[in-house]
Amino acid sequence: MEHVSPGALAQSASAGIGRDIYELAARLYPICRSITGDGVRQTLDMLSDHIDLKRHEVPSGTQVLDWVVPAEWTVRAAIITGPDGQKVVDFADSNLHVVNYSQPFTGALPLGELKAHIHTLPDQPDLIPYRTSYYAPAWGFCMAHEQAAALPDGLYHVEIDAELKDGSLTYGEYLHRGQSEREFLLSAHICHPSLANDNCSGLALLALLAKSLRARKTRYSYRFLFAPGTIGAITWLSRNEDRLHLIDHGLVVSCVGDAGRPAYKRSRRADAFIDRVMAHVLGTEPGARMLDFSPYGYDERQYCSPGFDLPVGMFQRSVHGEFPEYHTSADNLDFIAPEHLEDSFRILTGVIDIVEEDWTPLNLFPKGEPQLGRRGLYAALGGNKASGATSMALLWVLNLADGKHSLLAMAERSGLPFGELAAAARLLVEHGLLAAAS
Amino acid sequence: MEHVSPGALAQSASAGIGRDIYELAARLYPICRSITGDGVRQTLDMLSDHIDLKRHEVPSGTQVLDWVVPAEWTVRAAIITGPDGQKVVDFADSNLHVVNYSQPFTGALPLGELKAHIHTLPDQPDLIPYRTSYYAPAWGFCMAHEQAAALPDGLYHVEIDAELKDGSLTYGEYLHRGQSEREFLLSAHICHPSLANDNCSGLALLALLAKSLRARKTRYSYRFLFAPGTIGAITWLSRNEDRLHLIDHGLVVSCVGDAGRPAYKRSRRADAFIDRVMAHVLGTEPGARMLDFSPYGYDERQYCSPGFDLPVGMFQRSVHGEFPEYHTSADNLDFIAPEHLEDSFRILTGVIDIVEEDWTPLNLFPKGEPQLGRRGLYAALGGNKASGATSMALLWVLNLADGKHSLLAMAERSGLPFGELAAAARLLVEHGLLAAAS
Amino acid sequence: MEHVSPGALAQSASAGIGRDIYELAARLYPICRSITGDGVRQTLDMLSDHIDLKRHEVPSGTQVLDWVVPAEWTVRAAIITGPDGQKVVDFADSNLHVVNYSQPFTGALPLGELKAHIHTLPDQPDLIPYRTSYYAPAWGFCMAHEQAAALPDGLYHVEIDAELKDGSLTYGEYLHRGQSEREFLLSAHICHPSLANDNCSGLALLALLAKSLRARKTRYSYRFLFAPGTIGAITWLSRNEDRLHLIDHGLVVSCVGDAGRPAYKRSRRADAFIDRVMAHVLGTEPGARMLDFSPYGYDERQYCSPGFDLPVGMFQRSVHGEFPEYHTSADNLDFIAPEHLEDSFRILTGVIDIVEEDWTPLNLFPKGEPQLGRRGLYAALGGNKASGATSMALLWVLNLADGKHSLLAMAERSGLPFGELAAAARLLVEHGLLAAAS
């Protein structure tokens, strides 16, 4: 297979890209998303400003694998008013204040009864937690523990002006068509409300990564999926079962804007090509982490369920659940920054470069080294102590070009960067020393 | 295959079990055992107070593999009397004083000649060593080095009133029948005289483990073998060659009463199921050791000889030969304690639990996660930071239940305790989500 | 296959061998070698004082794989005379002063122009570097940086009385014939001028190793190759393509006389028998290093090119390019010493011992342990704490003699020295317990 255009275009596109991603994430941040409803649609609208998204609406009640598409949730107001008539919490101040997917409720309760519906974080008393109740009918509020602890006894008035009715589940897709119909799936969950890292960062990064690919002629096709967590991935899998065999690589992307070092959770297969690519790319990132698959986390849970077992890993920075801001009001726009988003973008672009440019060469002069000096490919004056990295890359490619090593396999064995070996291979092809293994 | 009853019965039986094992070991301790003779028979009598042992007598002279069953040894007295007419050592004080399997001898010798027949431990001058001479005709005494060094010159009178004559080699077997004729072999050597850890501890522990199984309906059959070291194992192997293919798992058990941390020596195969079970069980025991197979030690030498290569490992606490009390008079009843015996019993019970309860499940809803919440199997309120271990076990079992992972394989990959996964699997079976892989 | 005579003869031959190797290296040191020419012939003459070398002359212009045998180089004088008429450098003082393979040149140049032809080491200002220009026509001088920096302006007279004309490339071979035509290739490069470690040490060591083998009846045939680097190996490979399948093991040997600890660079195959042997032998050498293959270094580059992929590794002490004396005038006769040469000789002899003596035994009594005591093979008095290494070797050999483990495999698994296992196997053969696996 012919190797394809280098990452030059994508790289030039990355100038200032961190700022662009941040700005898009900041626009997405205030929206009150849930697994269904207008928040998802507004989010897809904003992403559509950058890429030509295809939107799908799947009616409530549709059977999707073992699940059923739930009712559509709308919340208009959620307020607790205290015994003194003052507002205690108001959803208008923060959409974390209401338990996501709350049932409607209006009534007056004494403090003791109300507290059964109030969620706080005693260890982080000034933060509002993020809570959901998608699959058990309930209503509730979230607030700072220190505020809840200070509430006086008395009768509280609660109003949750919400609605759960037949509607649809909404998700968006964007396909960048490459030369092949083989696909690289990139997936981000769209269901979290005002949480900046989890996952405004992932939605914004993927949208602008998709946008940057428009200028690049690729070998693979790239499918970007923006869908609500769990039920969205399950819905998409259910509707695309006959196409899943086309997926050669995949990444779930979330929490990519914070100051933590990059981390990759391997696919269930553990040795899929994407796992090897991520190991190579993160191998040169100081402090980066490679984590084994576990069936807890984001939508890799669904993609890597045993009936699908897709080659899909998970890319993030600080690992979800391990940073104190996770699922709290502290996961706000101060928690993410353009430089971290840009760093994540650079890493994913490097991953795509390898996926695009890997190929398996064959040394046409495999017996002994071909005479590189005669071809101007070697420092003419021998005996010099310094052996330039380029010479090493040429020698490694020639030595391993037995038709059994792709460039990535060469990078793994030699310890040289993939890009250096890819450049050496191009040079050797130009000089007639290398061809593609059949 | 259906999974079988949990270890609940065995566990309830273990209350006070350490005390029971200790008491049995203490009864066994004073007996003068050897590879043949009445000491072995008396020992089997005591074990028969607890389990219905089948006793085998194999005549002297019987060919067993490359060996021949030796003559039966009887010792009635063994005394050295000094120049002054005082007893220097008397077998009646400690059965370690006579070299085990000594030829009879009566005579008077000057000190110089006598010393060629006296064994001591110069580095442990107050201890009596344990010595044997089974296969080379010899007579001798063992005593404290400090005592031997102080012996005055002169003529010593020696009397060893012993007998070596045709008789038989004795061993005992107990079979706990399970649903299957596939067997788990548990073997302890019965030939050592007054050594508490090596191996009164192993004899007593296995007898009471066998007793505890009577209340348990098991999948496997459990064969308990109490036989003299080396020649006993060889005799048993020789007489059971046609049945060895039934042995799926095996453990040699010795030195299980001291304060050392548990240790397991792998079978020659190194990756037998029993090796994996022991690695999992000891993985959570602080300070536990996993040792590679070597062809030195106890009867695993015979079970793991290349012509048999049985899946038999060796369980012990302090490793034989590595603790200073080993094969000396310091390996007495003060060296072992009920709590250590109980700890060893608990570990072996845990091993049996896994052997009994391992099975290979199949996820009946393998595409995506089945909806656990709907079935009451999942914390209803999402977004909570704490993910209970039970939820993790459910998710791991579902994810790995592809028919290629047994519960033990799941424990190995997930790092979760086997018992947690087994409990999760039971729950999933109850809810119709899991079945046995065919 | 029968095992062959132990290394006893070779070992006795090693007394004083370090001194002998050093003396031969010292004789070789002053010669001005290059990839062609009389320096190579003089070197082969000196080696022929010890072994019956077969000399090959391959005409200039001969096509060898992708290369062409170059013209033969002769240099008679190389002098720079300063503005004051004094000699600045004279090849007669050190053959490093002229760039190896320089074109002839006579002329007068101002200092500025001359400097483009002068090579120095600014970081090691008192040392003369070693430089070559085999495949790009050029002329030049090498000198101490501090001398070059002090040269006054002015017109310099340069004379390089050299000649490049049709002749031949010369290499030498010595074959020690063994019982089998299967070969062990030992190769050293002969093209470096006055550099003691790189590679007078390797040439001298291999010549005397070859000499020492004359007294030994071997199983393998041993081929010693003394050829110029790169082009010599390529020429030899080109002329012996049809015989390469006979090579079972190989080592490139260079830099074996310095005080560094021994190092082995694995073959491209990484798990060839020679790689395993070197790992075992160096496993007991303090500070020894095992290095992965890389396609840079000495002639293993050619032997391990993908079209040949021979099982050839590289043995050295300080790794070329990593010691500061490398390719400078400091790699002189003070840099190597008889004790290091002897140490290298001892290691290679140990390697040959294993290659010669490895075989795969079969236990004739595989069921249980055979009774060693009856055969006088075991300490008669059991129960002793100390188990001699010899007993352990006997037990390991018996246990692993299932026809699937060679002695080397037994050494790898047991951690015992190969020689101890080989001795145990001999003893077991003598007692009828062991035979060769078919």
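**Entry 1: chain C against chain A**

I began with the contact list (heavy atoms within 4.5 Å). On chain C, 31 residues are in contact with 27 residues of chain A. I noted the ground rules next. This is a predicted model, where local features need pLDDT of at least 70, side-chain atom pairs count only at pLDDT 80 or more, and totals for chains, interfaces and linings use all residues. Residues are numbered from 1 along each chain as its sequence is written, chains are lettered from A and ligands numbered from 1 in the order in which they are written, and side-chain values use heavy atoms, with hydrogens and water left out.

I looked up buried area, the accessible area (1.4 Å probe) that two parts lose on being put together, summed over both. Chain C and chain A bury about 2500 Å² between them, with 50% of it on carbon and sulfur atoms.

Then I checked salt bridges (a side-chain nitrogen of Lys or Arg within 4 Å of a carboxyl oxygen of Asp or Glu). There are 5 between chain C and chain A. I picked out Glu369(A) with Arg301(C), whose closest N and O atoms are 2.5 Å apart. The side of chain C that touches chain A has 15 nonpolar, 11 polar and 5 charged residues. In that scheme Ala, Val, Leu, Ile, Met, Phe, Trp, Tyr, Cys and Pro count as nonpolar, Asp, Glu, Lys and Arg as charged, and the others, Gly among them, as polar.

**Entry 2: chain B against chain A**

I ran the second interface. Here 27 residues come from chain B and 31 from chain A. Chain B and chain A bury about 2500 Å², 51% of it on carbon and sulfur atoms. I found 5 salt bridges across this interface. Arg375(B) forms a salt bridge with Asp66(A), at 2.8 Å between the closest N and O atoms. By class, the chain B side has 11 nonpolar, 9 polar and 7 charged residues.

**Entry 3: strand 13 of chain B**

Strands here are DSSP runs (E, at least two residues), numbered from the N terminus. Is strand 13 of chain B enclosed or open? I found 6 of its 7 residues (247–253) buried, so strand 13 is largely enclosed by the rest of the structure. Buried means under 20% relative accessible area (1.4 Å probe, protein chains only).

I looked up its partners; pairing needs at least two DSSP bridges. Strand 11 (residues 183–189) of chain B pairs with strand 13 in the parallel sense over 5 bridges. There Leu185(B) stands opposite Gly250(B). Strand 16 (residues 312–316) of chain B also runs parallel to strand 13, joined by 4 bridges. Val253(B) stands opposite Phe315(B) in strand 16.

Methods: Buried < 20%, exposed > 50% of the residue type's maximum accessible area, 1.4 Å probe, protein only.
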